[in-house]
There are 2 protein chains.
Amino acid sequence: MKVIVLSRVLKEKHIEKIKKTAVEAGAVLCFVEDEKDIPEGFSDAEVLYGFGTEYARTNPALKWLCVPSAGVDYLMGESAFANKECLLTNSSGAYGVTIAEHIITVSLMMMRKLTLTYEESLRGEWGRPKPQKSLKDCRITVLGTGDIGTCFAKRAKAFEPETIVGVNRSGSCPDPVYDRTFPIGYLNTILPETDLLVMSLPDTVETKGILSRERMALLPKDAYFVNVGRGSAIDEEALTELLEKDELGGAALDVFRTEPLPSDSPLWKTKNLLITPHVAGNLTLDYTLDTNVEMFCEDLLNYAKGLPLKNLVDRTKGY
Amino acid sequence: MKVIVLSRVLKEKHIEKIKKTAVEAGAVLCFVEDEKDIPEGFSDAEVLYGFGTEYARTNPALKWLCVPSAGVDYLMGESAFANKECLLTNSSGAYGVTIAEHIITVSLMMMRKLTLTYEESLRGEWGRPKPQKSLKDCRITVLGTGDIGTCFAKRAKAFEPETIVGVNRSGSCPDPVYDRTFPIGYLNTILPETDLLVMSLPDTVETKGILSRERMALLPKDAYFVNVGRGSAIDEEALTELLEKDELGGAALDVFRTEPLPSDSPLWKTKNLLITPHVAGNLTLDYTLDTNVEMFCEDLLNYAKGLPLKNLVDRTKGY
């Protein structure tokens, strides 16, 4: 079994771990940093770990693609795989910790006006105290209760919020950290009672535009909103308008309809909008990368033994 | 019993609460926004709630001063009270929630490089991912395990740190959230094993300069440091030097030897130093102000009944 490992960020310990697992799995490895560097002898490799989108699109020999991302929307098109039966696993589960920390940080930066305070400090100004909001007694709604949403909810719980409400497709409760869980159909009744809305949804047919102009307007005027899922889930123009009219307390976006966000986008200059360049869940945190590699190695053994893959994506659902 | 309430920030609900309590306590109230507005008829008031430092210094009739701050260092001098027997209560306990949120926010802003990312976003730049640290598996040391330190520790615990070590005068453990607690004498052995040092100490003879140049140098080169207690506890010059030489990951200071921090202070321009203008625990958060008023009202009833005051400061210790 030939396995391509495509990565620029692996450290020595990760390479050792993969090599050790490959021996056990009976795999022959090829490490490359770029798809164009895949040697001729591996053009029939059946496994690829990494962002091998071009290889998957063109190579019918591929039987399993393991991507280091949680979102797999970029692999959902008709032509994404030359082999229509190719298995796809993602790394959902590796990003919960780092993205949860991101959500807590940007939420509190906004609620405590630390963005403004930081701007003052850059100018060498000793600023005045500003009105603040707190996670204490806050009504939090988590839209998308997967690993990321639930890792966030577990951390947020320690801040003594009034409620943490989960919203997902089925309405079933994935973890006791949620005070209540509702199916998406209830969203319009939950939004008016939300002080902090956190969106961590995959990009699927059902989630596109889910936070429409009409729904966004249901949030209280002093509510805060964080999106770490996919930019396609929200109406960016409507958000800009609400923020400029002070009809929302603030918003933090890590994902956008177009990435990188174009330099002429009006979002850059929108009032009370905190922009981060899709960094909530990148691989620069050791823990995330460690977990990512461990997840691949576990499934490499499963694959070699003919067992079901643990992190398999349902390609009809998109997550 | 005449009671002066000195405040610019009380809301209608707080005034109502105080009035209702005063009836029960048999107190006559006078609300003023500034000490110079205290009417002649209240120059013999025996209770003052607020920052009544001038009244305390000059008026021997005062029997109880209740200040809305946690720190009381500004009332420790020989001449602070005209009546040497005057009781002093503080509002330690009202600030834990808001200061704990501040500590979490600035720690993660530094560890996740969100200060740099925010600066890039202000320039309309889509920045590159940066190396990050996490509270997950972090070794946290809390120097000063009172209400503030412990409120922080309880929130930090949800982020799954490796350890939370408390350090205080006695070494006794105030809360099970700490994995271990040591007396201050052990500090030099704990600092080299600290990834995040949080200082929430009162300003006393013992805490002045406690984080000396020598001790600061014991922290690992990639450690982070947050001070929300009093500026007198640290050697600011040594901190600047360590940060400029990259011998510390970053520091967040909310308190300074001189406040407001002078505009020509080198701290403003120090690398990886996050400056906030003593706002971690101000009264702009509703919850803090609510708790503050409740603490005064509770002790007003205690005072009227001749019972011990709950929030009494030991004026010989300074907290």
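Mentor: H3(A) passes H3(B) in a left-handed crossing. Please keep in mind that we are looking at a predicted model. The axes of these two helices come within 9 Å and cross at roughly 120°. H3(A) and H3(B) are therefore oblique to each other. If you want to find the contact on screen, pick out A:Glu101, A:Ile104, A:Thr105, A:Leu108 and A:Met109 on H3(A), and then B:Glu101, B:Ile104, B:Thr105, B:Leu108 and B:Met109 on H3(B). Sorted by class, this contact of H3(A) with H3(B) has six nonpolar, two polar and two charged residues.

Now let's see how the two chains are related. In general, a rotation about an axis and a shift along it relate two copies of a chain.

Let's step back to the whole interface. In total, 42 residues of chain B are in contact with 42 residues of chain A. On the chain B side, helix H3 (96–111), helix H4 (114–122) and helix H5 (147–157) each supply at least two residues. H3(B) gives the largest share of that side, with eight residues. By class, the side of chain B that touches chain A has 20 nonpolar, 14 polar and eight charged residues.

In chain A, the axes of helix H3 (residues 96–111) and helix H5 (residues 147–157) come within 8 Å and cross at roughly 55°. That makes H3(A) oblique to H5(A). The crossing of H3(A) and H5(A) is right-handed, while the crossing of H3(A) and H3(B) is left-handed. From H3(A), the residues that touch H5(A) are A:Gly96, A:Val97, A:Ile99, A:Ala100, A:Ile103 and A:Ile104; H5(A) answers with A:Asp147, A:Ile148, A:Cys151, A:Phe152, A:Arg155 and A:Ala156. This contact has nine nonpolar, one polar and two charged residues.

Next, follow chain B into the loop between H3 and H4, where you will find B:Lys113. Most residues other than glycine have a negative phi. B:Lys113 has a positive phi of about 60°, although it is not a glycine.

To finish, here is the wider setting. Chain A has nine helices and twelve strands. Its radius of gyration is 21 Å, close to the 20 Å that the globule rule gives for 319 residues, so chain A is as compact as a globular protein of that length. Along its principal axes, the C-alpha trace of chain A spans about 65 × 45 × 35 Å.

Technical notes. Residues numbered from 1 in each chain as written. Chains lettered and ligands numbered in written order. Predicted model: local features only at pLDDT ≥ 70, side-chain atom pairs only at ≥ 80, totals over all residues. Axes fitted to C-alpha atoms, helices over the stretch in contact; angles between N-to-C directions. Helix = DSSP H or I, 4+ residues; strand = E, 2+ residues; numbered from the N terminus. Parallel < 35°, antiparallel > 145°, perpendicular 65-115°, else oblique. Left-handed = near helix turned anticlockwise from the far one by under 90°. Contact = placed C-beta atoms within 7 Å. Nonpolar A, V, L, I, M, F, W, Y, C, P; charged D, E, K, R; others polar. Rg over C-alpha atoms; globule rule 2.2 N^0.38 Å.
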